[in-house]
Amino acid sequence: MTGYEAMGASAGDRKALSEEDDNEALNLERTAYQNLAITAIKMEDYKGAVEFSDKALKVDPAAWKAKMRKGQALMKIGDLDAAQSLFNEALVDTDNEADRTAIKTEIKRLDVQLKQFDKRQGSKLARAFGA
């Protein structure tokens, strides 16, 4: 769906929209995909959340919230390195302190998961080598 479709305009109406209307339509489209991503996360559809986040990022590659949502979904899937990268990118993409606090909260959650993963890996290695 393009920004124009989000506003209910057909491709033929595209020229009739002002630049301001087009920007508003794109913002609405990005927001809709971000909202679908968080809804998918709440429904434990992490693959769907990644897909919706990717669609939001296609509309706006600097959408910090889409990066955070994708990172949250990837964290649930177990792709911790990709999640960490996305959280770090999201921090760069916003100057708003409340937004940055939300992202930092996710980074703390990720750090806990990384420590748990490292601990499990250490236990597996110890068992494998008889330590």
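This is a predicted model: local features need pLDDT of at least 70, side-chain atom pairs count only at pLDDT 80 or more; totals for chains, interfaces and linings use all residues.

Helices α2 and α3 are roughly antiparallel to each other, because the angle between them is about 165°, and angles over 145 degrees count that way. Their axes are 8 Å apart, and the crossing is left-handed. From α2, the residues making this contact are Leu26, Glu29, Arg30, Tyr33, Gln34, Leu36, Ala37, Ala40 and Ile41; from α3, they are Tyr46, Gly48, Ala49, Phe52, Ser53, Lys55, Ala56 and Val59. Sorted by class, that contact has 11 nonpolar, three polar and three charged residues.

The whole protein is 131 residues, and 34% of them count as buried. Its secondary structure is six helices and zero strands. If you take the contacts with a separation of 6 or more, 44% of them join residues 24 or more positions apart.

Now to α3 itself. It covers residues 46-59, which is 14 residues. From first C-alpha to last it reaches 20 Å, close to the 20 Å expected at 1.5 Å a residue.

Which residues of α3 are buried? The list is Tyr46, Gly48, Ala49, Val50, Ser53, Ala56 and Leu57. And what do they pack against? They pack against α2 and also against α4, residues 64-77.

So, the α4 side. The axes of α3 and α4 come within 8 Å and cross at roughly 155°. That is again over the 145 degree cut-off, and therefore α3 and α4 are roughly antiparallel to each other. The crossing of this pair is left-handed. On the α3 side, the residues in contact are Tyr46, Lys47, Ala49, Val50, Ser53, Asp54, Ala56 and Leu57. They meet Ala66, Lys67, Arg69, Lys70, Ala73, Leu74, Lys76 and Ile77 in α4. By class, the α3 to α4 contact divides into nine nonpolar, one polar and six charged.

Is Thr39 buried, exposed or partly exposed? It counts as partly exposed, because its relative accessibility is 39%, and that class sits between 20% and 50%. Thr39 and Ala49 are 10 residues apart along the chain, and their C-alpha atoms are separated by 7.7 Å. Ala49 is one of the buried residues of α3.

That's what I have; questions, please.

Notes
Residues are numbered from 1 along each chain as its sequence is written. Side-chain values use heavy atoms; hydrogens and water are left out. Buried means under 20% relative accessible area, exposed over 50%, partly exposed in between (1.4 Å probe, protein chains only). Helices (H or I, at least four residues) and strands (E, at least two) are DSSP runs, numbered from the N terminus. The expected span of a helix is 1.5 Å times one less than its number of residues. Contact means heavy atoms within 4.5 Å. Axes are lines fitted to C-alpha atoms, for helices over the stretch in contact, and angles run from 0 to 180 degrees between N-to-C directions. Angles under 35 degrees count as roughly parallel, over 145 as roughly antiparallel, 65 to 115 as roughly perpendicular and the rest as oblique. A crossing is left-handed if the near helix is turned anticlockwise from the far one by less than a right angle, and right-handed if clockwise. Ala, Val, Leu, Ile, Met, Phe, Trp, Tyr, Cys and Pro count as nonpolar, Asp, Glu, Lys and Arg as charged, and the others, Gly among them, as polar.
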